[in-house]
Amino acid sequence: MKKVAMTGNVAVANAMRQINPDVCAAYPITPSTEIMQQFSTFVANGQVDTELVTVESEHSAMSACIGAAAAGGRVMNATSANGLALMWEMLYIAAGNRLPIVLSCVNRALSAPINIHCDHSDSMGARDSGWVQIYAENAQEAYDNTIQAVRIGEHPDIHLPVMSCMDGFIISHSIENLDLLDDQQVRDFVGPYNGTAYPLLDVANPVTYGALHLQDYYIESRRQLHEAHKRAKNVVIEVGREYGKLSGRSYGLFETYKMDDAEIGLIALNSAAGTAKVVVDEFRAKGIKAGLLKPRLFRPFPYLEIADALKGLKALCVLDRADSFGAAGGPLFIEVRSALYDLQKRPVTINKIFGLGGRDLGLDDLRKVFEELTTIVDKGPKSLYEYITVRE
Amino acid sequence: MAAIKLKELSKKPDLLTGGHRMCAGCGAPIVVRQVLMAIDEPVIISNATGCLEVATTIYPYTAWKLPWIHSAFENAAATISGVEAMYQSLKRQGKIPADQKIKFLAFGGDGGTYDIGLQALSGALERGHDFMYVCYDNGAYMNTGIQRSSATPFGADTTTSPAGKVLQGKTQKRKDLTRIALAHGVPFVAQASPHNWKDLITKVQKAMSIEGPKFMNIIAPCNRGWRTQTNDAIALSKLAVDTCFWPLYEVVNGVATVTYNPKKNRRPIVEWLKPQGRFKHLFKPENEWMLAKFQELVDENWRSVVGMHNASHPGETIDPEEGKSW
Ligand SMILES: Cc1ncc(C[n+]2csc(CCOP(=O)(O)OP(=O)(O)O)c2C)c(N)n1
Ligand code: SF4
Ligand SMILES: [Mg+2]
C-alpha cells in the first residue's frame with residue numbers, strides 16, 4: 001500500500017482505473033468532470049480495457065450505461081447536480097432493470113440559481129430511485145467506497161445500481177494524503193464481472209428487457225426491488241468487513257464518533273462530519289458529553305441500527321445539506337426522526353439546513369448548535385427546522 | 001449480394017412473432033419483419049417507447065425471439081450505443097469469441113426519433129457506433145393517441161393539430177429527418193417503404209455490409225391515426241411512393257441514388273390524401289389552397305432528392321417533372 005497525495009476526483013478516477021470497467025460513459029459537469037477526464041487519459045494510454053462512450057448528454061450517459069450493463073459487463077460513470085437531474089428518468093430504469101451500474105456523484109447544488117458548489121440536493125433528489133447510496137467524508141472514503149460499490153451492486157443477493165457520493169470541491173478538489181491499494185489487490189477484490197443475470201449479448205438465449213408491466217405485474221416488480229433493498233444492508237456490511245481485512249479500513253452502515261456515552265449529538269453526512277468531529281472534541285474537553293453519527297449508507301436507510309445508536313441521547317441535531325421544500329424538515333432529518341419514533345425514550349431532535357450552494361460550515365456554526373442542544377433538553381426546541389450559515 | 005427470393009425469405013423464422021398485439025393492419029410490424037428478414041447474423045434490438053414497444057412486450061409475454069431492450073422513449077440510440085460498446089469491449093478483451101458477429105439495431109417511431117430522440121440519435125451517429133437506426137414513420141405520436149410530431153404531414157388532423165374553425169390541421173411542413181441523418185456524414189442513409197420489400201431488404205442488406213452508423217427511415221402506415229381501413233397499409237405506402245411523398249432513395253458513402261422513380265406510375269398527391277380521414281378537411285372547397293400547397297411541398301422535396309441523385313449520377317439523371325401527367 002502506498003500513501004499518495006491526490007484530490008477526491010483523482011482518487012475516484014484511480015479507483016476506476018484499478019477496477020478496469022468494461023464500459024464507461026463520459027459527459028462533463030463541474031465538479032465531477034475531472035473524474036472522467038482523468039479516466040480518459042487512462043483509456044488513451046491503454047491503462048484500462050474500457051470502451052469509453054463520449055455521449056452527448058447525461059441522459060444518454062445513463063442510457064448507454066443501461067444498454068451496456070444489460071449487454072453483460074461492468075459499467076461506471078460520474079456526474080453532478082444538473083447532470084444527475086437530467087439522468088433522473090434513467091436512474092429509475094437502471095434500478096428497475098436491476099443493473100449494477102456504479103455512478104460517482106460529486107455532490108453539487110441544483111439550479112436555480114445556478115451554482116457549482118456543494119450541497120446534497122442532487123443525490124437527495126434521487127433517493128427514491130432504487131439506487132443504493134453511499135456517502136463519503138473524505139477522498140480516502142470516496143476511493144474506498146468506489147471499489148466497494150462495485151462489489152455491493154454486483155452482489156448476487158441484490159443486483160442494484162450504486163451511487164457513491166462525495167462533496168463537490170470540498171473533497172473532489174482538495175488534495176489529501178491517502179492510501180491506494182495495489183492494482184492487483186483491487187482487481188482481485190472486485191473479481192470478474194457477474195452482475196447481469198441475463199446478458200443481451202448471449203444471443204443464443206434471447207431475453208426481453210424493459211417489457212410493459214401493467215396493473216397485473218408492476219407492483220410485484222417494485223416489490224422485488226423493495227426486497228432487494230432490504231437485503232442490501234447486509235451486503236454492505238459484508239463487503240465493508242471484507243474490505244477492512246484487505247485495506248485495514250473497515251466500513252459499516254455508519255460511523256459513530258464518541259457516541260457511547262454521549263448526551264448530545266449531531267448527525268451529518270459527508271465532509272461536514274469532519275468539521276463536526278473537531279467540535280465534538282472541543283465539547284468533550286469541556287466535560288460535555290457530545291458525539292457524532294455520520295451515516296454512510298443512506299439507501300437503504302438503516303433506520304433500526306441508527307435509532308439504536310441514538311437511543312442514549314438527550315438532544316440531537318440533524319444537519320441537512322439539502323432542503324425538502326415544504327416538508328417537515330430536510331431529507332436526512334425526516335428519515336432520522338421517523339427512525340426515532342419507535343424508541344421508548346426519544347432525544348429532543350432538531351434540524352438545521354446548512355451549506356447550500358457551497359456556503360462554508362464553520363466550527364463556530366457547530367459550536368452554536370451544540371450550545372443550543374445543551375439548553376433544549378429542559379426547555380424544548382425554539383424551532384424544529386431552520387437554516388444556519390445563512391445571512392438573515 | 002445474392003438475389004432476394006421471396007420463397008427463401010418466407011422460410012426464415014419470424015423473429016417478431018404473430019400475436020404481438022399491434023393493431024390489425026398496422027404497418028410497423030411489417031416493416032420490422034422485413035428488416036429482420038434481411039439480416040442473417042444474430043441481431044440485438046433497442047426499441048424506443050411507442051406502439052411497437054408497448055404492444056409487443058406486455059409482460060409476461062414478449063413477441064421478440066431475439067435479445068431486445070426497451071429503456072425509455074428518447075434514447076433508443078443511446079441505449080444501443082451502450083450495448084454495442086459492451087460488445088466491442090468484451091470482444092477486444094477476448095471475453096466473447098472474436099468471430100461472434102452481432103448486428104445492432106434501434107427501432108423508434110417518428111416521435112421517438114424526429115423529436116424527443118433526435119439528440120440521442122445525433123450523438124450515436126456522430127460517435128460512429130456500428131449499428132443501424134430504423135425509424136418507422138407513421139406520422140404522429142400514435143401510442144398516446146395521435147398527436148402531431150415534426151414528421152406529421154402539413155394539414156393533417158391530429159389530436160394536437162385538430163382541424164377546427166380557425167386552424168385546418170397541422171400548419172407546418174414536415175422535418176426532413178433523413179437529410180438530417182445524412183448531414184452527420186454517416187456511410188449509409190436510406191428511405192424505404194414496406195410495399196417495395198425487395199428495395200427495403202436490398203437496402204438493409206447493403207447497410208449490414210457496411211461498418212459504422214446507418215440510418216433508415218421507413219414509412220409505416222397507421223390505420224388508426226391515418227383513419228383508413230385495416231387492409232390498406234401496403235396500398236397506401238405504395239401511393240406514398242408513387243405520389244413522391246415518400247421518395248425511395250439511398251445515400252451510400254456519399255453517393256445518392258433514387259432507387260425507384262415512379263415515371264408513368266406517378267400520381268398527384270390528392271390520390272394519397274383522399275383515402276385518409278386525417279386529410280378529409282383538405283377537400284373542403286375553401287381549403288383547396290392547402291391541396292395545392294401540399295403538392296408544392298411534395299414536388300419541392302422530390303426535386304431536391306432528385307437533385308442529389310443527379311449530382312451523384314451525371315450519366316443517369318432523372319427529370320423531376322417526369323410522369324407528371326396531371
Ligand atoms: C419522456 C417521455 N415523454 C412522453 C412519453 C409518452 N409517450 C409514450 S409513447 C409516445 C408516442 C410515441 O410516438 P412515436 O415515437 O411516433 O411512436 P408510435 O407510437 O407512433 O409508434 C409518447 C408521447 C414517454 N413515454 N416518455
Ligand atoms: S395505433 Fe397505429 S401505429 Fe399503433 S399499433 Fe395501431 S395501427 Fe399500429
Ligand atoms: Mg409515430
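Residues are numbered from 1 along each chain as its sequence is written, while chains are lettered from A and ligands numbered from 1 in the order in which they are written. Because the model is predicted, local features need pLDDT of at least 70 and side-chain atom pairs count only at pLDDT 80 or more, whereas totals for chains, interfaces and linings use all residues, and side-chain values use heavy atoms, with hydrogens and water left out.

Let's start where the chains meet. 41 residues of chain B are in contact with 39 residues of chain A, contact being heavy atoms within 4.5 Å. Together they bury about 3,100 Å², with carbon and sulfur atoms giving 64%; that area is the accessible area (1.4 Å probe) that two parts lose on being put together, summed over both. Y59(B), M86(B) and R127(B) supply 20% of what chain B buries there, more than any other three residues.

R127(B) turns up again, in a salt bridge with E56(A), where the closest N and O atoms are 3.0 Å apart. The interface has three salt bridges, each a side-chain nitrogen of Lys or Arg within 4 Å of a carboxyl oxygen of Asp or Glu. Which element gives the most to chain B's side? That is α4(B), with 11 residues. Helices here are DSSP runs (H or I, at least four residues), and strands are E runs of at least two, both numbered from the N terminus.

Now for the magnesium ion, ligand 3. Its protein donors are D110(B) through OD, N138(B) through OD1 and A140(B) through O, at 2.0 to 2.2 Å. Donors are N, O and S atoms within 2.8 Å of the metal (3.2 Å for Na, K and Ca), and water is not among the atoms, so sites may look incomplete. In sequence, the donor spacing reads D-x27-N-x1-A. N138(B) is buried at 7% relative accessible area, and A140(B) is buried at 4%. Buried means under 20%, exposed over 50%, and partly exposed in between (1.4 Å probe, protein chains only).

Finally, over to chain A. E154(A) sits in helix α6, residues 139-154, and is buried at 8%. Beyond neighbours within four places in sequence, E154(A) touches R74(A), P100(A), H159(A), Y193(A), N194(A) and G195(A). Helix α11(A), residues 331-340, has seven of its 10 residues buried, so it is largely enclosed by the rest of the structure. Among those buried residues are F333(A) and E335(A).
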